[in-house]
Amino acid sequence: MRAFKIKGKYGIKQAIYIIYKYKIPRMFQYIFECLFCQVGVKNIIMLESHNDFDMNAGSLYQCILNNGLNTEFKIFWLVKNDTNKFKHDLPFNVFVLPLYGVSIKRSYINCSAKYLFYDDVPIKKTRDEQVCTYLGHA
């Protein structure tokens with residue numbers, strides 16, 4: 001474990017910080033994903049982009065809204081900034097979730113979403129029925 005190597009180099013305080021900041025949240029996310037993998041796949045689209053609501057995922061989001069697919073699908077944006085700032089201006093069936101940190105709701109949505117689209121931070125596909133697409137271009 002990397003934290004024990006850091007303990008020898010930087011001290012116990014830094015090792016505890018690494019475990020608290022990175023290892024424990026990752027462990028909780030893994031536990032939540034194991035619990036929610038039994039849930040069936042639903043009509044949910046999960047989007048993530050480099051900046052919130054822009055880039056290629058933002059264009060896909062605008063296309064979804066223009067075609068009225070937000071009535072058929074629930075759309076969840078993974079945002080890096082404060083989620084409260086976006087909650088008031090969203091159309092019907094569009095929601096925001098925090099990208100970082102431990103979130104039971106994000107784990108549930110990630111396990112039950114039918115489509116996962118991302119630009120920057122990869123979204124992990126948890127089951128075979130899901131479609132996960134990287135929206136980058138070269």
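Predicted model: local features only at pLDDT ≥ 70, side-chain atom pairs only at ≥ 80, totals over all residues.

Biologist: Let us begin with the strands. How many bridges join S1 to S2, and do they run parallel or antiparallel?

Modeller: To read strand pairing, look for the bridges and then for the direction. S1 and S2 run parallel and are joined by five bridges. One place to look is Ile45, whose bridge partner in S2 is Ile75. On to the next pair: S2 and S3 are also linked by five bridges, in the parallel sense. There, Leu78 has Leu97 of S3 as its bridge partner.

Biologist: Which helix goes with S1 and S2 in a β-α-β unit?

Modeller: Helix H3, residues 55-66, makes that unit with S1 and S2, and the unit is right-handed.

Biologist: Is S2 mostly covered or mostly open?

Modeller: Mostly covered, as five of its six residues are buried.

Biologist: Now the cores. Which residues have the most contacts inside the largest nonpolar core?

Modeller: The largest one here has 14 residues, and Ile45, Leu47, Tyr61, Ile75 and Trp77 have the most contacts inside it. At least two residues of this core come from each of S1, H3, S2 and S3. Another core, of 11 residues, lies apart from it and includes Phe76, Ile109, Leu116 and Ile123.

Biologist: What is Tyr61 in contact with, leaving aside neighbours within four places in sequence?

Modeller: Its contacts are Leu47, Phe53, Ile75, Trp77, Leu90, Pro91 and Val94.

Biologist: Next, helix H4. Which of its residues are buried, and what covers them?

Modeller: In H4, residues 104-112, the buried ones are Arg106, Ser107, Ile109, Asn110, Cys111 and Ser112. Their cover includes helix H2, along with strands S1, S2, S3 and S4. Look also at the N-terminal end of H4, which Ser103 caps: one of its side-chain oxygens is 3.1 Å from the backbone nitrogen of Arg106.

Biologist: Last, the loops. Why is Asp89 called exposed?

Modeller: Asp89 is called exposed because its relative accessible area is 66%, and the cut-off for exposed is over 50%. Asp89 sits in the loop between S2 and S3. From Ile104 it is 15 residues away in sequence and 24 Å away in space, C-alpha to C-alpha.

Biologist: And where is Val39?

Modeller: Val39 is in the loop between H2 and S1. Leaving aside neighbours within four places in sequence, Val39 is in contact with Tyr108, Ser112 and Arg127.

How values were computed. Residues numbered from 1 in each chain as written. Heavy atoms only, no water. Buried < 20%, exposed > 50% of the residue type's maximum accessible area, 1.4 Å probe, protein only. Helix = DSSP H or I, 4+ residues; strand = E, 2+ residues; numbered from the N terminus. Contact = heavy atoms within 4.5 Å. Polar contact = N/O pair within 3.5 Å; in protein donor to acceptor, adjacent residues only side chain to side chain. Pairing = 2+ DSSP bridges. Right-handed = clockwise from strand over helix to strand, strands pointing away. Core = buried A, V, L, I, M, F, W, Y, C linked by side-chain atoms within 4.5 Å.
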